[in-house]
Amino acid sequence: MAPRMLVLPSEDYLEEVRRYREEFLAAGSSMDGTGALRRCEDPREWLSAVRAGDDPDRVPEGKVRATVFLCVEEGRVLGMIQLRHTLNEYLRRYSGHIGYSVRPFARRQGVAKWMLAAILPHCRGLGLDRVMIACEPWNEGSRRTILANGGVYEKTVHEPERGIDLEQYWITL
């Protein structure tokens with residue numbers, strides 16, 4: 001069995017990314033940590049946007065540099081996790097350094113916990129000494145994932161654009 005790993009998106013995974021998006025749309029699930037996947041029907045367009053977001057010379061205005069990783073096992077994309085290299089005002093107030101999602105069929109199998117643990121060395125590599133991550137109060141699985149990786153609750157904030165509350169946690173690296 002091929003080991004689970006984090007990889008950068010590439011043309012090799014475009015069909016899996018298309019399936020990932022379709023599963024999320026069918027399930028009505030949030031695509032956190034996927035960059036522009038919700039709005040990109042064409043996986044190639046998504047790949048181009050993800051690469052631009054990770055290129056310091058091409059980061060879209062108002063955004064911060066971010067790297068999206070695919071969690072892959074046996075050639076299947078199980079999840080995606082996005083590492084934002086810095087925090088702008090919005091990220092500092094609401095959502096933090098890391099966002100992630102797990103494909104519906106792969107949920108409740110430890111994928112999110114594994115992805116979050118696997119991304120922390122990348123955070124250290126950026127020179128970060130702690131990272132903020134947030135989840136909605138009803139999302140018990142995400143809360144447990146954050147706590148299992150050393151998350152310490154700071155506060156709950158209301159994000160007015162989407163009309164949701166977010167619990168904020170810090171993980172010391």
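Which residues of the largest nonpolar core touch the most other members? In this predicted model, they are I98 and I119, in a core of 24 residues.

View 1. The most are given by α4, which contributes seven residues.

**View 2. Contacts of I119.** Leaving aside residues up to four places away in sequence, I119 touches L6, F69, I81, L83 and I98. Another core, of 18 residues, lies apart from the largest one. Its members include Y13, F24, L70 and V77.

**View 3. Cysteines without a disulfide.** Zero disulfides are found in a search of the whole structure. C123 is in no disulfide, and its nearest cysteine sulfur, that of C71, is 15 Å away. With a relative accessible area of 0%, C123 is buried. C40 also counts as buried, because its relative accessibility is 1%, and the cut-off for burial is under 20%.

**View 4. The buried side of helix α5.** Helix α5 spans residues 140–148, and S142, R143, T145 and I146 are buried in it. These four lie on the same side of α5, because they cover an arc of only 160° around the axis. The elements that cover the buried residues of α5 include β4, α4, β5 and β7.

**View 5. The residue G150 after α5.** G150 follows α5 and has a positive phi, near 90°.

Terms used:
Residues numbered from 1 in each chain as written. Predicted model: local features only at pLDDT ≥ 70, side-chain atom pairs only at ≥ 80, totals over all residues. Heavy atoms only, no water. Core = buried A, V, L, I, M, F, W, Y, C linked by side-chain atoms within 4.5 Å. Buried < 20%, exposed > 50% of the residue type's maximum accessible area, 1.4 Å probe, protein only. Helix = DSSP H or I, 4+ residues; strand = E, 2+ residues; numbered from the N terminus. Contact = heavy atoms within 4.5 Å. Disulfide = S-S within 2.5 Å. Arc of directions from axis to C-beta.
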